[in-house]
Amino acid sequence: MADQIRVLIIVGIATFCLAPVAYAATGTATFYTPPYVPSSCNGYQNDGVMIAAASDAIWNNRAACGRRYRVRCTGPTNQGVPQPCTGQSVVVKVVDYCPPGCAGTIDLSQEAFSVIANRDAGKIKIEFDQ
């Protein structure tokens, strides 16, 4: 009986240690300014200010509408602001589409961008996950 318990404990520990690790995608973020309505996803519904527009990279023919992403600044994309990141992350809801030519993977509201980076940077490197 004691051997069976040891085997179960070892199997349990091995399973826990091999559990999948969360994966964060990388990209860039820019920001846009009000008015935030109408939006491609919700028309004239007010979704607050912790929102984002999705580029073609994540839009997927409107499938991104309503998805929430945690976004974290990882660094600058230019020399203008060498250390733009605040060290914080922000959770945003996708409510709009950033059309072809969009400068970032995710176009954050200016309020959301300000949580994670200095707006003077304009465009930043990010990690994001759902």
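1. Glu127 counts as partly exposed, at 29% relative accessibility (buried means under 20% relative accessible area, exposed over 50%, and partly exposed in between, with a 1.4 Å probe and protein chains only). The model is predicted: local features need pLDDT of at least 70, side-chain atom pairs count only at pLDDT 80 or more, and totals for chains, interfaces and linings use all residues. Residues are numbered from 1 along each chain as its sequence is written, and side-chain values use heavy atoms, with hydrogens and water left out.

2. Glu127 forms a salt bridge with Arg72, with the closest N and O atoms 2.8 Å apart (a salt bridge is a side-chain nitrogen of Lys or Arg within 4 Å of a carboxyl oxygen of Asp or Glu). Glu127 lies in strand 6 and Arg72 in strand 3, so the pair ties together parts 55 residues apart in sequence. Helices (H or I, at least four residues) and strands (E, at least two) are DSSP runs, numbered from the N terminus. Arg72 is partly exposed, at 36% relative accessibility.

3. The structure holds 2 salt bridges. Lys93 forms one with Asp47, and the closest N and O atoms are 3.3 Å apart. Lys93 is in strand 4 and Asp47 in the loop between strand 1 (25-32) and strand 2, 46 residues apart. At 18% relative accessibility, Lys93 counts as buried.

4. Strand 6 runs antiparallel to strand 1, joined by 5 bridges, and Gly27 stands opposite Ile126. Strand 6 also pairs with strand 3 in the antiparallel sense over 6 bridges (two strands pair if DSSP finds at least two bridges between them). In that pairing of strands, Gly75 has Lys125 in strand 6 as its bridge partner.

5. The largest nonpolar core has 24 residues, and those with the most contacts inside it include Val71, Leu108 and Ile124. A nonpolar core is a set of buried Ala, Val, Leu, Ile, Met, Phe, Trp, Tyr and Cys residues joined through side-chain atoms within 4.5 Å. Among the elements that give two or more residues to this core are strand 5 (106-109), helix 3 (110-116) and strand 6 (124-129). Apart from this core lies another, of 6 residues, among them Tyr32 and Val95.

6. Gln79 sits in the loop between strand 3 (68-76) and strand 4 (89-97). Gln79 is exposed, with a relative accessible area of 73%.
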